[in-house]
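Hi everyone, thanks for coming. Let me put the structure up on the screen, and then I'll walk you through it.

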Amino acid sequence: MYFGEDPLFGLLRRIGKPVAGHRPWPRYATTAGGWRTMIEALGGNGWSLLGLWAEPGTVHAAIREDMAGDLAVVSLDCPDGTFPSLSAARPGAIRLERAIQDLFGLTAERLTDARPWLDHDRWGVRRPLSDKPAAPMPNPPPYTFLPVEGEGLHQVPVGPVHAGIIEPGHFRFTCNGETVVRLEEQLGWVHKGIEGLMRGKPVEDAAKLAARVSGDSTVAYSLAFAQAVESALGVAVPPRAVWLRALMAELERTANHLGDIGAVCNDAAFAFMLAELSRLRELVARTADACFGHRLMMDRVVPGGVAVDISEDGPARLLELVAELRRRFPPLVAIYENKASLQDRTVGTGVVSGSLVNRFGAGGHVGRASGRGLDARRTPSYAPYEDLEFEVPVRTEGDVNARVWIRICEVEQSLGLVEQIVKRMPGAPRNEKGERPLPRVPVEGPGGEGMALVESFRGEILVWVRVNPDGTIDRCHPRDPSWFQWPLLEAAIEGNIVADFPLCNKSFNCSYSGHDL
Amino acid sequence: MTLLTSVFLQIVQMLVVLALAPGLTGFVRWVKARLLARRGPSILQPYRDILRLLKKEAVLAHNASWLFRTTPYIMFTAIWLAAGLIPTFSTQLALAPTADLIALIALLGSARFFLALAGMDVGTSFGGIGSSREMMIAALAEPAMLMVVFSVAILVRSTSLAEIADFMMSGAVGLRISLALALISLVMVAIAENARIPVDNPATHLELTMVHEAMVLEYSGRHLALIEGASMLKLLLYAALIGCVFAPWGMAGPGADSAAVIRGLATFVLKLGVAGVLLAVFETSIAKMRVFRVGEFLGGALLLSLLGAIFLYVSRGV
């Protein structure tokens, strides 16, 4: 960086040329040399890697300069099928690069870990998204786990099929007695081929796919996809739709956090909290059903606006819900806080250091519990959050307890946001027949590229999309917040005991489905 | 009381414990569900579960040895026998002369020994984890239990359960600190032995936190039915043991008529009900402890029982 130069755009102007038609943030095409310069900058403090994805022959990296909150995408053409790896500067890129190798066949040079990631040799094809997909290997070698040496060590393989009804993931523990020496994850078991399925789909159909990338954050994913498509096509959404979307997003956040707090307590065998908080979560789901006609509000946010307006009695119901939760939630928080046997389990368990969180660029409650106070609603921010008052809670302990507390504080903030939105939402003018027109505009345009960053209850979801002139999706890449949180779970459990893993895992509550694509 | 009556009462006792054990487990689950504002399954559900498991095919791992196959039978027999030894509604049982506390601990110990071996037999990592945790718990719970036995034995000058119950019923014992300490210690041991919260969670699906459940993960069909049945019997056994030693009221003593026996049965069911409610309330109000805290918990139990025994020595100058 040169003196007086804008940190992000100054660098990008030196290393690349802007590509037209990428909104709202610019995209720069660069060379291998420029890509290496970018890697150097990324290694410094104050920069985040937001995403790394590919299409045949090209890789794209979304980067953010955290101080100013500037975003940009950097693209590198790699005709020989290789690109310099980001993993040395940003370890969070390792798994993204392994996924790119599996899906597109583009190799990251000097990648520290080149084993396959999503591809478990069970697909009928290799490199399914590349120009030349290959036939599967006849005798695939077994997946090699990282070697662990030492006396008295033993391995405990867990999953991918678990004893409870949860998503599949394989965890390989190496233990010394009860103490975990190393945990290695193997994910990819619920790979659905989202990126491949999106190709060539009309925007409405692709929006349905986006809403199902990770079902618990369906509103956030729909919102991110809708924002990306609207940016790509230059569509302006009616203000009422913007506020309704935020309303749904906050309801989803509240419901998920309530469920998670209870689930963490339940993993410490304190079922009372799960029972009580499930009742509160149910209250939110039922109110969402009454307001928007779907308990999880799936497919309610669509490109161009919203699919349904809030029901006539919705605002009153929501204010009632907020009052009810404000009455019933704090006593439960007090129980959590004062239950010594529960605190004994959560305090000091599964600590993630602040430096690690910054290196991996983890967002959401995982990042905020370890001092990384970034929130997509603030940086880079999107409508209508500029007009709303809320705090982004941050703690520095980085343990299970801190992650629970971040959720507790976020529930309180979200309740405040719901209240503000309901009270300040622009009204719907009625037409002569007394009907409220739906706040939705047609999604049309000459095509283009768009990106969006939306805060889900887990952290920031990035969606990048390229829309063809005929209104179909050319490429779409959704990047789940879990990509940068899963690796930290491996760090959090180190030195803890095996029996505390469920507690740590639940306090992270990463998405399998969103990560496996 | 003739030999015939005592044999008859012994048979009734064996059948009663067998019949009531799933009911007690179902009752505890039901109370817990009600405390969590859930409707909860019927109290009869454990009976249905066991019947269902008995009808199902037993699946065995390829490398399962004879030990794995015989353990459920050994375990069930040992615990059933142990539960049959404890005077529940009458002290006049045919096995009363052989039924002392040491024998009881030996029976429970052998059941555990075989189960821990079976947990490791197939060679899965969970079985090994469960067995090692179980043995850690056992290594602390058994001495604590023995100290409780010694305290009571010093007081009663017998380890025979029937004599202890008769002695406690006679009212000659009065209020004693040692007995209170022994009671607390025995309750703590009972919680650990029965894999209840805070030591273990009987309802968990989390393989990594299991103790008892981890050992029996590989079992299925009739084997699992026997093991589940044995666990239920064990819970009833501890409730009956605490009732027999510390609250033997209502039990039919020597020379009792049939009305007294029926009264004894009714009070026994009542005692089980009280124990079930207390257990459910306790389990609901506490989180599970870290695995390594179990040592402190059971160390506490051991110390309390030791203290009880020492008090007895000091106060009576034995």
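Let's begin with two parts of chain A: the C-alpha centres of its domain 1 and domain 2 are 26 Å apart. One thing to keep in mind throughout is that this is a predicted model. If you want to find those parts on screen, domain 1 of chain A runs over 7-109, and domain 2 of chain A covers 194-429 + 437-516.

So how do the two domains meet? On the domain 1 side of chain A, 24 residues are in contact with 23 residues of domain 2 of chain A. Which elements of domain 1 do the touching? In chain A, at least two residues each come from strand S2 (22-23), strand S4 (47-55), strand S5 (58-65), strand S6 (70-77) and helix H3 (93-104). S4(A) gives the largest share of that side, with six residues. If you sort that side of domain 1 of chain A by class, you get eleven nonpolar, seven polar and six charged residues.

Okay, now the sheet that S4(A) belongs to. Five strands of chain A make an open sheet, in the order S1-S3-S6-S5-S4, with mixed pairing. Strand S1 (16-19) and S4 of chain A are at the edges with a single partner strand each, so each has one side without a neighbour in the sheet. From one strand to the next, the twist averages 30°. Zooming in, S4(A) and S5(A) pair in the antiparallel sense, over eight bridges. One of the residues to look for is Ser48(A), whose bridge partner in S5(A) is Arg64(A). Packed on this sheet you'll see helix H1 (residues 7-15) of chain A, which touches S1, strand S3 (27-30), S5 and S6 of chain A. The direction of H1 makes about 20° with that of S6(A).

There's another sheet to point out. Here three strands of chain A form an open sheet in the order S9-S10-S11, and the pairing is antiparallel. The edge strands are S9 and strand S11 (179-186) of chain A, and each of them pairs on one side only. Neighbouring strands in this sheet are turned by 20° against each other on average, ignoring direction. Strand S10 (residues 170-176) of chain A pairs with S11(A) over seven bridges, and Cys175(A) stands opposite Val180(A) in S11(A).

Next, the contact between the chains. It takes 26 residues from chain A and 22 residues from chain B.

While we're on chain B, have a look at Gln92(B), in the loop between helix H3 (66-85) and helix H4 (101-121) of chain B. Is Gln92(B) buried or exposed? Gln92(B) counts as buried, because it has 22 C-beta neighbours inside 10 Å.

Let me zoom out to finish. Chain A has 16 helices and 16 strands, and 51% of its 517 residues count as buried. The C-alpha atoms of chain A fill a box of roughly 65 × 60 × 55 Å along the principal axes.

Note on methods: Residues numbered from 1 in each chain as written. Chains lettered and ligands numbered in written order. Predicted model: local features only at pLDDT ≥ 70, side-chain atom pairs only at ≥ 80, totals over all residues. Domains from an automatic or database assignment. Contact = placed C-beta atoms within 7 Å. Helix = DSSP H or I, 4+ residues; strand = E, 2+ residues; numbered from the N terminus. Nonpolar A, V, L, I, M, F, W, Y, C, P; charged D, E, K, R; others polar. Pairing = 2+ DSSP bridges. Axes fitted to C-alpha atoms, helices over the stretch in contact; angles between N-to-C directions. Buried ≥ 20, exposed ≤ 12 C-beta atoms within 10 Å, placed from the backbone.
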